[in-house]
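Q: I have a model open and want to learn how to read its features. Where do we begin?

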Amino acid sequence: MKARRNKKQVPSFRKLLKTSKVKLENKLKNKQFKQQSTLKKYRKEQRKLRQAVKDAVSKKPMPLEDPKKIRPGKRIEREEEEEEEALPLDMMDADDLQLMRDLGQRASFLTRDLSSSEPVHVKKRKHERVIDKYEKIPRTLQTAPEKELIHLLPIKDKSGIIPQTREKPVIDSKQDEEEEEELELEEEIIEDPIRELTLEEHLIERRKKLQEKKMHIAALASAILSDPESNIKKLKELRSMLMEQDPDVAVTVRKLVVISLLELFKDITPSYKIRPLTEAEKSTKIRKETQKLREFEEGLVSQYKFYLENLEQMVKDWKQRKLKKSNVVSLKAYKGLAEVAVRSLCELLVALPHFNFHNNIIVLIVPLMNDVSKSVSEMCCEAVKKLFKQDKLGQASLGVIKVISGFVKGRNYEVRPEMLKTFLCLRIKEIEVKKDTEDINKPKKFMTFKEKRKTLSRMQRKWKKAEEKLERELLEAEASESTEKKLKVHTETLNIVFVTYFRILKKAQRSPLLPAVLEGLAKFAHLINVEFFDDLLVVLHNLIESGDLSYQESLHCVQTAFHILSGQGATNEGVEILLQCLDVMLTKRRKQVSQQRALAFIKRLCTLALHVLPDSSIGILATNRILMHTFPKTDLLLDNESQGSGVFLPELDEPEYCNAQNTALWELHALRRHYHPTVQSFAAHLIAGAPSEGSQALKPDLSRRSAAELFQTYSMGAMTFNPPVQSSSSKKKSEVLQGDLFLNEDLNQLIKRHCGEVPTHLPLDFAKYLKTSLR
């Protein structure tokens, strides 16, 4: 026969923890407290019994409970007085003892078992007497106090199971009274007040605590990074430090833990989304390595979720200005904690767009883009821009665009313009595919089973099936991402963007969002459907004619209109936008521009170059150079002779009929004396007819750049002069010239000769010297 296995298992470490030293001490304290409570209850019943005997002897029956409510203080005083007046039984007279024995034989209500009274919470009736109430309670003789029994393990015998018990040890009443007196004395002793620390001591103590916390955080983070799968449970221990309760270091420790967890999740998170296991996968048997990986993934997702909830709660506490009951963190510190939480959410939005709960992060970040705090708003907008720029697939960008569009519509278009300016960072140019290339590069279609059955034999179908399988595998290996899926995602994203733009143009034309809308339309104009061109141009024309737009907004309208017609995009402001508009309007559409229009624009641009900063003048003159090369006959503006009849009308709105051929570019002579050397070079170059070779030709670094690039190169935004002004270095003089050293050498010799002559007193005859000089 096989030996019976011992079913008793070795206790695990978790079970051993339950019997720790602290819990054993708590059990012992509970046991002692229970014994003390039992003794106090017994003494109270004895005191009430002695009082009842005393009342019966004095023939003054008194109810055990006063029907009237007695204040707690008076009740305590009365009990103390009664305890002092009560006499022990051995000090009574013989007659009193005989009376007590007679009363005990009659078993009156005085000798009942007080412990068997009804509960205290029984409601009292209005007209019920207290004595009648006690009369209804069954009586029992008061005997020795019942001894508590402790039930032990039973013993099994041939006759059956024999229960085992033993009496509970009773503590002597005298010993208990002595302990009570000692406790009272301890309570009466006034403890020494805790010495208050000075400011320096407090700072030293805080620095010490903070250093200990930092070491603990570093140790946990290092352990997790060294082996994430084995130490994933330490994430929970680290996350529990977000509830730090020490008011001295609570705020700093929570910030450090938030940042540490952020970096840990960025490092240990896999490059795929973790999905929950199905019931079938849970029930199947797997290897230990696979089981370990599953436990790691489940723990990671769980702790990541709790971490995001903690960050969300920090932001909510700051927004709702709620003060916790513990008062560990002050209201002023909420903003700092919230900013750290928002920064962590922004980092996770950009770093982990593929991982779980990314949509939840988007829902938290988008409302904060319109936050009252400028720092929080800019932080969130920059994170969204960064996500748009690095998102190649477009799935994460689509989720953000959906939430932003709904948020803008829900706020009735009263949001920050920066929210819509983030749309300019979308990578939508990747879907720009022409129809002819689509027709050429159509995806290869495989034959259906019916087509194969009609056209191919059995052997041919077998070979065709193997060939198609191989081609599918090759296509999957070559294509890292599905082009069709990417095109679909980008198309949906653009539809939402244009719906948002058109709603604002229709309902909120005077909104501060209009510049961002016009700039976005200018960028994505080449992707707008041709059917919307007419309506959009009409809206833009009406906006310009309304007079409600500013200078830059009108330029954005012009830029958008010409980009729609030309299919080009731009994203700059001010003069740079103007230069790009001119490039699109005149240079790119040279075949639709007449010579009279080109002459008019060249003349007006030269006039404008006199009134702007050097960087703008350089950009405008570079545009004129390109126009003079594009339209060669415009060199007649360099001659002062008139061509045909009419007078130049510079204020005429229509450039075709302003008679620009009858004027000259006299502004170039003024620009030739400009203080900026590059402006001088461009003016002299245009006066010479903008030659490509020769002494008047421009240097390659100026001629090969566009007008917008030159404007950016010579920008005055940094408050610097380009090219830099050369400082005049004064030559150091070896010696200082004094006196006659300033005079000519011949003059010095003549002065010395005359000074060395002996003075003679002769009459002055001026005529004599005059005759000598004439000879």
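This is a predicted model: local features need pLDDT of at least 70, side-chain atom pairs count only at pLDDT 80 or more; totals for chains, interfaces and linings use all residues.

Q: What share of the residues counts as buried?
A: Take relative accessible area under 20% as the cut-off. The protein has 775 residues, and 31% of them count as buried.

Q: What share of contacts joins residues at least 24 apart in sequence?
A: Start from contacts between residues at least 6 apart in sequence. Of these, 65% join residues at least 24 apart.

Q: How are two packed helices described?
A: Two numbers do the work: the angle between the axes and the distance between them. Now a case. Helix H12 covers residues 331-351, and helix H13 covers residues 358-368. Their axes come within 10 Å and cross at roughly 130°. That angle makes H12 oblique to H13.

Q: Which residues make the contact of H12 with H13?
A: H12 contributes Val 342, Leu 345, Cys 346, Leu 348 and Leu 349. From H13 come His 358, Ile 361, Ile 362, Leu 364, Ile 365 and Leu 368. By class, the contact holds ten nonpolar residues, one polar and no charged.

Q: Is the crossing of H12 and H13 left-handed or right-handed?
A: H12 passes H13 in a left-handed crossing.

Q: What lies in the loop between H12 and H13?
A: Phe 357 is in that loop. Look at its backbone: phi is positive, about 65°, although Phe 357 is not a glycine. Phe 357 counts as partly exposed, because its relative accessibility is 25%.

Q: Which residues make the contact of H14 with H15?
A: On H14 they are Val 384, Leu 387 and Phe 388. On H15 they are Ala 396, Ser 397, Val 400 and Ile 401. The contact of H14 with H15 divides into six nonpolar residues, one polar and no charged.

Q: Where is Tyr 413 found?
A: Tyr 413 sits in the loop between H15 and helix H16 (417-421). Tyr 413 is not a glycine, yet its phi is positive, at about 65°.

Q: Is Tyr 413 buried or exposed?
A: Tyr 413 counts as buried, because its relative accessibility is 9%.

Q: Now a residue within a helix. Where is Ser 616 found, and what does it touch?
A: Ser 616 is in helix H26, residues 614-630. Set aside residues up to four places away in sequence. Ser 616 then touches Val 575 and Phe 711.

Q: Why does Ser 616 count as buried?
A: Its relative accessibility is 6%, so Ser 616 counts as buried.

Q: How many disulfides does the count come to?
A: The test is a pair of cysteine sulfur atoms within 2.5 Å. By that rule the count comes to zero disulfides.

Q: Are Cys 425 and Cys 658 buried or exposed?
A: Cys 425 counts as buried, because its relative accessibility is 18%. Cys 658 has 0% relative accessibility, so Cys 658 counts as buried.

How values were computed
Residues are numbered from 1 along each chain as its sequence is written. Side-chain values use heavy atoms; hydrogens and water are left out. Axes are lines fitted to C-alpha atoms, for helices over the stretch in contact, and angles run from 0 to 180 degrees between N-to-C directions. Helices (H or I, at least four residues) and strands (E, at least two) are DSSP runs, numbered from the N terminus. Angles under 35 degrees count as roughly parallel, over 145 as roughly antiparallel, 65 to 115 as roughly perpendicular and the rest as oblique. A crossing is left-handed if the near helix is turned anticlockwise from the far one by less than a right angle, and right-handed if clockwise. Contact means heavy atoms within 4.5 Å. Ala, Val, Leu, Ile, Met, Phe, Trp, Tyr, Cys and Pro count as nonpolar, Asp, Glu, Lys and Arg as charged, and the others, Gly among them, as polar. Buried means under 20% relative accessible area, exposed over 50%, partly exposed in between (1.4 Å probe, protein chains only).
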